[in-house]
Amino acid sequence: MTTETRTRGGVSPGEQGEIDDLTLARARAGDDAARAALVDRYQRRLYALVARMMVTRPELVDDLAQEAFVKVLRGLPQFDPRGPARLSTWILTIAARTCLDVLKAKRPAAETIPESLAAASNPEDETAQRQMGRRVQEAMARLPEEMRAVVILRAYHDFDYDEIAAALGLELGTVKSRLGRARIALRDALEETP
Amino acid sequence: MSDVEKPDNGSDGFSDEELRRLDSWTAPAPPADFTARVMNRARAQAAPASASASASAKKEVRRPPMSRAERERRQRRRTALATVLGAVAVSGGGGFVAWQAVAAAGPSAVGGMTVYIGALAFGGILLIASLMGGHDHDADHHVGGDHDQLSEHDPHDHHVGHAARAALVLPFLSVRFWIFGLAFFGLTGVLLRGLGSTSPLLAAVVAAVVGLALGYAAARLFQKLARETVGELAPDGGQVGREGKLLLPVARGQRGKVRVIGAGGATTDLLAESDDERALPAGATVLIVAMRGTVAVVELSPAPSSPSPEQGDRT
């Protein structure tokens, strides 16, 4: 099934660039092979984003990642390669919004850590790195979804503040304040857990 | 830490220590068959849009949706051009007859026919000019405003009555009406007066009636052709993937209205609905992701953002 990657944003350095112009043009024109190449190129980044955003609903990750890509492929002819946004930013924006829509629609009565996370937490079996990863995951799961989205786009996908604001439809000041509050919440959560 | 070193950006950025912690949370990679499943899903979701086209379009579902629409649009354009060419030929013929009639009746007949000859010449010149200009988007479109599929396809909408009345009145506001009307008014007058078979009063009345009728018919014909061209875009899925601006807000269970700007600047208004949980306000830029009949399914457009100049390719 799925394997795990330890690299930034869920991708290795070789996968971090943008797709070449010719493939993009062919994909925008509807060429199936080029569209598949585009999915191939961005799938790890998008999948990682969706997986982190949906940390409280891991059963939806695969379906949402697919749905986000379908939206990307539908909207691709409208993407302007000469515009200010990189293709990766545009794609990840679609993915983030798709996740937020679902999270808001299917918000549980109370924010709870999924049993799968809690049950798997067995510090004695894990290395320090894995323990920290588990704690971060749990702390992220406790963040409100809008705040989590800001943190993930900033920390794992290197969106700048303007990009986050545009992606999530927020004011720049709101982005900064949410990021600041998220930092404090994460710091508190990581320091209070052993 | 990660592949990318980031400085501590102050109170709202992440320090290296924080990033090191965050990066310890690994993300799952997509399954090996992920791309194939995405492509299958994209094809499956694209198919219903094509399948909702007309019966004839269903037979050609494998063809690119717009290619058929484009072909038919060109066919209609050829028909329209042929109509204009025919009108020009008739005008030219009429002018020749008039010239012959004047020559036969002598200079005294010219005074009585000046109005008709002038109308024929003016209308004929404008017809030729419109033909040379070759623009389909004439006054029929602009005077009437936008193509409003909302009023054409939603029987419950109060726009229908307005649209029906407007459709009757609009031809008289059309430049095309006046061009054809003048040309045929002049032609009829020249023929009747030049042949000397009717009284001046009767000739004037008949010429006016013929000019009005043919001008109106021509304007309505071109209006209908233009409307049919736009109307076929929806079932063919031609609007899917386009961006538009909401004229009326959309919420789950509440239809609104979206204005789409197509090629050449022509606008189309469509009923809009959304599966989005969020209410989409008027003025929002939306992406049409599907068509349900003539209703556009929209969602908030993922507007391109503006990366800062110092931001490189970091992702």
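## A residue in chain B

B:Val175 sits in helix α9 (residues 175-195) of chain B. Helices here are DSSP runs of H or I with at least four residues, numbered from the N terminus. B:Val175 is partly exposed, with a relative accessible area of 47%. Partly exposed lies between buried (under 20%) and exposed (over 50%), using a 1.4 Å probe and protein chains only. B:Val175 and B:Gly215 are 40 residues apart in sequence and 9.7 Å apart in space, C-alpha to C-alpha.

## About the model

This is a predicted model, where local features need pLDDT of at least 70 and side-chain atom pairs count only at pLDDT 80 or more. Residues are numbered from 1 along each chain, and chains are lettered from A in the order in which they are written.

## Chain B as a whole

Chain B has ten helices and seven strands. Strands are E runs of at least two residues. Of its 315 residues, 42% count as buried.

## Two helices in chain A

Two packed helices are described by the angle and the distance between their axes. The axes of α3 (residues 61-75) and α4 (residues 87-105) of chain A come within 9 Å and cross at roughly 130°. Axes are lines fitted to C-alpha atoms over the stretch in contact, with angles from 0 to 180 degrees between N-to-C directions. α3(A) and α4(A) are therefore oblique to each other. Oblique covers what is left after roughly parallel (under 35 degrees), roughly antiparallel (over 145) and roughly perpendicular (65 to 115).

Technical notes:
Side-chain values use heavy atoms; hydrogens and water are left out.
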